[in-house]
Amino acid sequence: MGKITGFLEFDRKVESYAPVEERVKSYHEFTVPMNEPELKDQGARCMDCGIPFCHSGCPLGNLIPDFNDAVYRGKWEKAAKILHSTNNFPEFTGRLCPAPCEEACVLGINEDPVTIENIEKNIVETAFSKGWIVAEPPENRTDKKVAVVGSGPAGLAAAQQLNRAGHTVTVFERDEKPGGLLRYGIPDFKMEKNVIDRRLKVLEEEGIEFKCGVNVGKDITGEELQNDFDAVVLSGGATIRRKLPIEGADLKGVVQAMDFLPQNNRRVDGVKSFENEILATGKDVVVIGGGDTGSDCIGTSIRHGATSVSNFEIMPMSTTERPEGQPWPFWPMRLKTSTSHKEGAERFFSISTKKFLGDKDGNLTGLITSQVEWIKTPGQRPQLKEVPGTEKEWKCELALLALGFTGSEMTIADQLGIEADDRTNIKATEENYMTNVPGIFAAGDQRRGQSLIVWAISEGRQAAYHVDKYLMGESALPLKGEGDLPRV
């Protein structure tokens with residue numbers, strides 16, 4: 001794979017970024033593409049390692065050494081076919097995935113790993129620019145109809161795979177446009193929405209029908225779905241936000257991240273006014289939560305023109321190196337510094353918010369925190385303990401809660417009598433992705449809980465196989481690790 005001595009000759013290189021002072025003036029993507037010779041050199045770094053652990057690191061089982069080799073040899077169309085054989089939407093993962101494949105790269109044991117994600121993004125962008133990605137409707141149609149509830153990456157992947165199997169697929173989305181959190185959660189500066197729209201155009205040309213503005217469970221009942229479709233895939237995501245149940249949490253200015261981010265994405269899309277406008281302009285902003293959603297809130301607040309942005313994380317600061325107990329090729333919990341962090345936010349670790357402060361009109365004016373430490377006892381879960389004498393008051397007019405999600409909404413599940421697991425996710429095993437109700441399947445975050453985009457696509461593909469097998473008795477759709485018929 002690649003050039004036999006490539007990993008000795010070339011250093012890792014990834015895309016650079018537009019300067020901070022320029023990129024914060026807009027919501028456009030700000031990466032600076034690499035040229036083809038540089039990308040070939042990066043493909044050349046892929047070692048003839050014998051056992052490609054990147055395969056196991058990737059939830060999709062992408063054939064990474066194969067497309068790296070094709071890039072090194074300048075065979076971009078072949079690379080695109082290989083990439084699409086396991087990944088329906090590499091333009092999404094190439095921008096948004098945290099790249100567990102790179103953490104599992106054999107070269108990463110003692111050197112910088114191959115820049116797999118960036119190569120993936122450039123393969124698919126080349127394929128789109130060359131016109132290689134076109135609609136491929138199935139040659140034959142079955143008489144089976146499938147409903148997919150939710151148009152995030154899991155739902156879209158399931159829909160495309162089931163459509164390829166010849167079934168008539170309808171995707172239901174309660175928002176005004178398809179895409180789920182890809183459209184209404186991910187800021188445009190990480191992925192502009194025309195990236196979604198060009199793929200949706202292909203899916204529609206392949207025969208998939210999208211019905212937006214339809215809230216399944218309210219506008220359409222579970223019984224109606226069962227009567228109208230031969231199978232249903234529930235892929236609505238894990239959308240119940242984690243709350244912060246402390247004094248002052250009901251003050252105006254204490255806002256869930258997933259109210260703040262979707263509103264701004266709609267604003268960027270041209271929506272002019274909102275019933276409750278949420279802006280960080282001229283405010284001291286505190287983002288509570290240190291994950292990707294928190295990072296997205298930081299970048300968006302800075303683009304609004306916030307006076308200051310602080311980021312609180314209750315966990316201690318991680319190391320930039322692999323922590324002890326998380327050896328290669330496992331995913332390490334390293335300190336992650338995003339492009340948004342570098343745009344002007346100040347980060348604070350091992351800090352807990354105790355109380356929100358407000359004025360007589362119910363507006364947020366500040367908050368009180370304390371430092372915390374995690375007490376580790378062998379055989380037990382770490383215990384959180386407040387450090388005495390560390391209380392501090394902060395000025396704050398907008399607090400954004402980026403605390404993750406606790407499970408999925410269960411309206412449709414309750415209507416259908418579907419069982420939930422102990423984490424409030426729909427109960428459906430990996431054996432066949434089917435719930436306790438025959439013909440009703442689940443995939444993505446709604447089945448496994450809050451997770452990565454690459455897992456969502458994998459879940460959609462896996463669920464599609466089992467739906468097809470349920471409907472037809474067998475399936476020619478691929479399971480993870482099997483690949484697909486070469487498609488572009």
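Predicted model: local features only at pLDDT ≥ 70, side-chain atom pairs only at ≥ 80, totals over all residues.
Local features need pLDDT of at least 70 and side-chain atom pairs count only at pLDDT 80 or more, while totals for chains, interfaces and linings use all residues. Residues are numbered from 1 along each chain as its sequence is written, and side-chain values use heavy atoms, with hydrogens and water left out.

Reader: Which strands stand at the edges of the open five-stranded sheet?

Author: The order is β5-β4-β3-β6-β18, with parallel pairing (strands are DSSP E runs of at least two residues, helices H or I runs of at least four, both numbered from the N terminus; two strands pair if DSSP finds at least two bridges between them). Each edge strand has a single partner, so one side of it is left without a neighbour in the sheet; that describes β5 (209-212) and β18 (440-442).

Reader: And what angle does helix α10 make with β4?

Author: Helix α10 (residues 153-164) packs on the sheet and touches β3, β4, β5 and β6 (contact means heavy atoms within 4.5 Å). Axes are lines fitted to C-alpha atoms, for helices over the stretch in contact, and angles run from 0 to 180 degrees between N-to-C directions. On that basis, the angle with β4 (168-173) is about 165°.

Reader: How many residues apart in sequence are the parts tied together by Arg266 and Glu176?

Author: Their side chains meet in a salt bridge at 2.7 Å, N to O (a side-chain nitrogen of Lys or Arg within 4 Å of a carboxyl oxygen of Asp or Glu). Arg266 lies in helix α14 (residues 257-268) and Glu176 in the loop between β4 and α11 (181-184), so the pair ties together parts that are 90 residues apart.

Reader: Is Arg266 buried or exposed?

Author: Buried means under 20% relative accessible area, exposed over 50% and partly exposed in between, with a 1.4 Å probe and protein chains only. Arg266 has 17% relative accessibility, so the label is buried.

Reader: Where does Glu391 sit, given its salt bridge with Lys354?

Author: The closest N and O atoms of Lys354 and Glu391 are 2.5 Å apart. Lys354 is partly exposed at 29%, whereas Glu391 counts as exposed at 51%. Lys354 lies in strand β12, and Glu391 is in the loop between β14 and β15 (392-395).

Reader: What relative accessibility does Thr353 have?

Author: Thr353 lies in strand β12 (residues 351-358). Thr353 counts as buried, with a relative accessibility of 9%.
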